[in-house]
Amino acid sequence: MNQIIQFFMRSRDFFVFLALFLCAIGLVFNSNYYPQSAYINSANAVSGRLYSFTDYWAQYFSLRGQNETLTEENRALRSQLLRMEQQIRNISLVDSVSFPTTDSLKYKVLKANVIKNSFRLKNNYLTIDKGTKDGVKQDMGVLSPQGVVGIIENTSERFATVQSVLNTRSALNAMVKRTQHFGSLRWDTREVNKVQLLEVPNIAPIQNGDTIVTGGMSNIFPKGIPIGRIVHFEKSKKDNTYIIDVKLFADMSNLEYVYIIEDRDRAAVSELEKQNPK
């Protein structure tokens, strides 16, 4: 305690000077508008930069949450779109249309994150973080926000693998949207994001730029889901069909999340088809 008192006694001249200096500064600011303005402007500039910096990083760290919100909204919108398309197709079949409840919808849409994705192999697959506990089953269709990705192949309780359209075993029913000509979508392994539409008759009036969509001839994908766009076509040397190169809308090398489509009528239709004579 004595040492502290002695320190202040030895430094009393400095503290007196500091006190008088602060008083002088205060008198200058109180009696002169310019120093006040300069100080306030400087303080505002510093605080503005500080708030801007903290706001930038706060927004950066909230992007994941915002992305989750947007993907969930996208999933809900896709469900509504499939419901509306289903109702539009039924208009010509009934005298009146009533909008169904969620439980009566033909299609259900789930969102899943992609945790593994191959696209340089001969037979490529994706792994997603949804499994049987989420209602995922074999042969469900898988989409990205841009278009078709593949089909569920194997499932566990928490995960599932997806057979990519970039797979030599993949064969999807597809059609040229403008002309309504059907074919089989396959991959020749030559280019990522470019697949081939086969079995389209060479009398079809197709052209570069035509959109390719799902044909709806299976219980995997609804009719009209975007796949890609024609970038080249030529007549086959083996038969009277075209070999059509299709540029995929989905970037198969950059998939963060996907949507799984469940056709709720699939089990009933499959059971009925099993009764057909072999």
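This is a predicted model: local features need pLDDT of at least 70, side-chain atom pairs count only at pLDDT 80 or more; totals for chains, interfaces and linings use all residues.
Residues are numbered from 1 along each chain as its sequence is written. Local features need pLDDT of at least 70 and side-chain atom pairs 80 or more, totals for chains, interfaces and linings use all residues, and side-chain values use heavy atoms, leaving out hydrogens and water.

**Exercise 1.** Find the order in which six strands close into a barrel.

*Solution.* Begin with the strands, which are DSSP runs (E, at least two residues) numbered from the N terminus. Two of them pair if DSSP finds at least two bridges between them.

**Exercise 2.** Work out how many bridges join β10 and β11.

*Solution.* Locate β10 at residues 226–235 and β11 at residues 241–248. Seven bridges link them in the antiparallel sense. Within this pairing, Gly228 stands opposite Leu248 in β11.

**Exercise 3.** Classify the aromatic pairs, and say which of their residues are buried.

*Solution.* Rings of Phe, Tyr and Trp (its six-membered ring) pair if their centres lie within 6.5 Å; planes under 30 degrees apart are stacked, over 60 edge-to-face, and the rest tilted. Phe233 and Tyr242 have ring centres 5.4 Å apart and planes at 80°, so they are edge-to-face. Tyr257 and Tyr259 have centres 5.8 Å apart and planes at 80°, so this pair is edge-to-face.

Now check accessibility: buried means under 20% relative accessible area, exposed over 50%, partly exposed in between (1.4 Å probe, protein chains only). Phe233, at 26%, is partly exposed, while Tyr242, at 9%, is buried. Tyr257 and Tyr259 are buried.

Methods:
Helices (H or I, at least four residues) and strands (E, at least two) are DSSP runs, numbered from the N terminus.
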